[in-house]
Amino acid sequence: MTEHTITLEAVSTALGGVDVLEDVSLSVDRGEFLGLVGPNGAGKTTLLRTINGVLEPDAGTVRLGDEPIDRLTAREVSRHVATVPQDTSVAFEFSVEDVVRMGRTPYRSRTDIVADDADRDAIERALERTAMLDLRDRSIAAVSGGERQRAFVARALAQDTPALVLDEPTASLDINHQVQVLELVADLVDEGKTAIAAIHDLDLAARYCDRLALLADGCLQAIGDPETVLTDDHLQPAFETRTAVTPDAVTGAPSVTAIADPPRDRDAHVHVLGTGPTAARAITKLWQAGFDVTAGPLPTGDTALSVARELDVEAIESPPLAGLDEDTLREARERCHSADATILADPVIGPDRHVLDLADASDRPLLVGTHPFDERNRAGERARERYRELESRVTTASIHGLVPAVVESTIPATAPADD
Amino acid sequence: MRFGTRLLGWSGGLLAALFGVIVASAAIGPVTLDVMAVAKATLNAIGVPAGLAIGIEEGGLAGITIPTPTVDVSYAYPFTFEVPGTAETIVRQVRLPRIALGAVVGFALASAGAVMQGFFRNPMADPSIIGVSSGAALGAVATIAFPVAIPLGLQTAAFVGALVAAFAVYAIATENGRTPVATLLLAGVAVQTFLGAVISYTLLQAGESLDRAVFWLMGHLNNSTWAEVEVTLPLAVLTFGGLLAYARDLNVLMLGEEDARTVGIAVERTKRVLLALSSIVTAAAVAVAGVIGFVGLIVPHVMRLLVGPDHRILLPTSALAGATFLVATDTLARSGPAELPVGIVTAVLGAPFFLYLLTRREVHEL
C-alpha cells in the first residue's frame, strides 16, 4: 500500500498575469525523495510554494495526506510540511538554536513563552541529527553556508512533519557540503520522511532522488526514474540545448553534460580508433569542432560508445570480450581508409593487433596517447616494435591540441593544390 | 533555564533602574527633599486597580442630551509609609504625575519602536513610521488652532488623528488582503509628508495660538495630570501584553514573511494585529506628550545590541529602558535654568549617540 503524502491535481498558477504552472499533476509517496529539475524559470520554486501553502493555486488542488490544503490553516499546513528555504541568509544575530526553535512554532500557544519538554526534545534531536550540537550557540549569521543550510534542515526537523520541501538545498554550497546536505535528506527519507526538492544540478538530482520530475515552461515534461527522465529527448526541448547523458564513472547515476551545437561547416571526415575515456573525449572534441566523426570498432558498454550514441556519431559496435569478426574489421578498414584523418586514441593493442593493421590502412593517422604504452600492450615485444615504428611515422598530438592538429593535417584534403 | 534567567535578570535590573530614576527625579526640583521620604512617598503613590464600576451618565453636547458610558476604576494602595505632609504633597501632587506619565510614554514609544523595527526588518523604523505621529500632530495642532470648529479635547483629537492616519496608510498599502512591508513604508513616508504640509498650513493659520501649537509639536511632559496617567497606563500595559503575546511570531517574521508562513504563522493577520497594537500604543503616548523623537528609535536599538534580537526579551527590556530613559531625560529637561521640552533633550542626546552607532556600523546588524 502506498500512501500519497503530497498530491497535486491539475494545478495551475499565474503570477502577474504570466502562467507559471500549467496543469501540473503529480504525487509523492511516503518515504520517497522526488527531485524537481528543469531550467531557470520553469516553475520549480512556484510548485514548491503551492505545496507549503505560501501560494494558492488559481486552479487545481494540492492535497497533504487526504486534506486539500485550502481547508487547512497556516498552522496545520506547517505541521504537515516543513520547508528549507532557498535563501537562508539571515541578517540578524539569532543563534542557531533560536532558528531551530522557530521550527516549534506550530506547536506553541501564544501564551507560553518558554519552550516545554517536547520542544526541547525535538530541538535537541534536530541539532544532533544535523550535527549542529556544537554550533548551537553560534550566531546564524556567523556560521558557514553549509552549516547555515544544516541549521535550516534542523529547523525543518524540529517541525516534526511527515514531509520536507527543499528549495535548491545545494545552491551556493561547495561540493562537499552539497553531498552532505543531500546525504542527510536521503537518510531522512530512508527513515520514512517524504521529501520534494528543487535541484539545479541534474547529476546530484539523479544521484540522490528516487524519482525526478522535469518541469519546463510551467508544464510537467516527464516524471519517473532518473534514468527515464534524464534523456536527451526530454532534456533538449526543456533546456534548449543538446545534452549527453552517460553513466557517472563513480556513482553509476546518469550524468548530464550540456553540449553547444557544433558549427556544421567542416567537410572533413575523421575516424576515431581506440576505446575508453580518451576515445570518448576525442569523439566529443571533434564533434564539437564540427567534423564529420565516425568511430569504432567499440565494444558494447565502452564509454566512448555511449558518448558516440549520445552525439549521434556513427560507431561500429563489436561484442565485448570477443575477437572482431571479418565484417566488422572490413567496415572499420574502409572507414580508416576513406577518412581524411584517423585518430588513434590511446589504442589498446590486443593479441590480434587489429588496431595496428587499421592504422596502417589509414591515409593520415594521428596518434593521441595519454597512457603509457605498456599498459595498453597485450601483444608482446613484436607489437612494441611495430608501435614504435608507427609512432616515428605519424603525427602525435595531445588531447588538448587534437583539434588544431586535425585541422592542419586535413587542409590538403579540403583544399587540394591545383597546380 | 537560560532564557528565563536572562529575561528575569534583565527585566529585574531595568525595573530597579526605573525605580531608582523615578525616586531620583522626584527628589530633584526647586524644593530639596529627603531621598528616603521621596522613596516612601513614591511607593505610597503606587495604586493597584481594585474595582471597576461602569455607569451611564447623561452628557450634553450642543444642546442634545446623550447617554455616555462612564468607567470608574477604584484603586487600592498597598504601601502606607509615614511621610512628612509637605514631602508627600510635593512628590505626589506635583512631581510624580509628570514622572509617571514620562515613564508610561517612554514605555509605550520604546515597545512600539521595538515592534516596528522587527516588523519592517529595518533599524531605521520608529513608531511614527506609519504616520501615527503626523496624524496625532495634525489632530492636536488643529484643535489648538481652531478650538471652536473641533469640539474634542486636545488629547482625544490627537489620539483619533493618529489612528486615522495609521489606518489610512494601512488601507493605501493593502491590496487583495496583502500588505507588503515595502509598500507600507513608502505609503507611510508619503502620508507623513502630506500631513506635514497640512500641519504647516494649519500653523500659518493658527494666529495667536501658534506658540502653544509649536510647543506641543516639540514633545513635552509639563502640566501632566494623574488623569492622563490613568488613561494611558492601562492602555499601554494592555497593548504591551498583546504585543508580547506576538513576540515569537515577530521573531519568525524577521526571517521573512514567506518563511514565517511555512512555520505556521498567519502572516497577514499577524501583521494587522502588530500594526494595530503598536499604532494604538504610540497614539496614546503621542496624544498626551506630543512628538517625542528618538525614544522609539534609539532605545530598542541599543537594547538589541545588549540582549539580542529575540523579541521575547527585547520587547520587555526595551519598554522598561524606554521608561527609564524618558524619565531621566525629562528630569534633565526640567532641571536646567530654563525648562525645555523633553523632545529637544531626547533628540540632542539621541542623535549623536545614534551617529556614534552608525559610524561603528552596528546599525547594519539591526
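Start with two helices of chain B. Helix H12 (residues 295-307) and helix H14 (residues 342-359) of chain B have axes that come within 10 Å and cross at roughly 40°. H12(B) and H14(B) are therefore oblique to each other. The crossing of H12(B) past H14(B) is left-handed. Keep in mind that this is a predicted model.

Which residues make this contact? On the H12(B) side they are B:Val295, B:Leu297, B:Ile298, B:His301, B:Val302 and B:Leu305. H14(B) supplies B:Thr346, B:Gly350, B:Phe353, B:Phe354 and B:Leu357. Sorted by class, the contact of H12(B) with H14(B) has 8 nonpolar residues, 3 polar ones and no charged ones.

Helix H4 (residues 132-145) of chain B packs against helix H6 (residues 181-204) of chain B at an angle of about 15°. Their axes lie 9 Å apart. Angles under 35 degrees count as roughly parallel, so H4(B) is roughly parallel to H6(B). Here, too, a handedness can be given: H4(B) and H6(B) cross in a left-handed way.

Look at the residues that meet. From H4(B) come B:Ser134, B:Gly135, B:Ala137, B:Leu138, B:Val141, B:Ala142 and B:Ala145. From H6(B) come B:Gln192, B:Leu195, B:Val198, B:Ile199, B:Thr202 and B:Leu203. The contact of H4(B) with H6(B) counts 9 nonpolar and 4 polar residues, with no charged residues.

Next, chain A. Its domain assignment gives domain 1 (4-235) and domain 2 (269-414). The centres of these two domains of chain A, taken over C-alpha atoms, are 48 Å apart.

Two backbone details in chain A deserve a stop. A:Asp217 is not a glycine, yet its phi is positive, at about 50°. A:Asp217 sits in the loop between strand S9 (211-216) and strand S10 (219-224) of chain A. Further along, a cis peptide bond links A:Gly296 to A:Pro297, with omega about 5°. A:Pro297 belongs to strand S14 (residues 292-299) of chain A.

How confident is the prediction for chain A? The average pLDDT of chain A is 85, and 95% of the residues score at least 70. Among the elements of chain A, strand S8 (residues 194-198) has the highest mean pLDDT, 95. Helix H16 (residues 402-414) of chain A has the lowest, 73. Over residues 413-419 of chain A, pLDDT stays under 50. The model has 3 contacts beyond four places in sequence for that stretch. Where pLDDT is low, predicted coordinates should not be read in detail.

Note on methods. Residues numbered from 1 in each chain as written. Chains lettered and ligands numbered in written order. Predicted model: local features only at pLDDT ≥ 70, side-chain atom pairs only at ≥ 80, totals over all residues. Heavy atoms only, no water. Axes fitted to C-alpha atoms, helices over the stretch in contact; angles between N-to-C directions. Helix = DSSP H or I, 4+ residues; strand = E, 2+ residues; numbered from the N terminus. Parallel < 35°, antiparallel > 145°, perpendicular 65-115°, else oblique. Left-handed = near helix turned anticlockwise from the far one by under 90°. Contact = heavy atoms within 4.5 Å. Nonpolar A, V, L, I, M, F, W, Y, C, P; charged D, E, K, R; others polar. Domains from an automatic or database assignment. pLDDT = per-residue confidence, 0-100.
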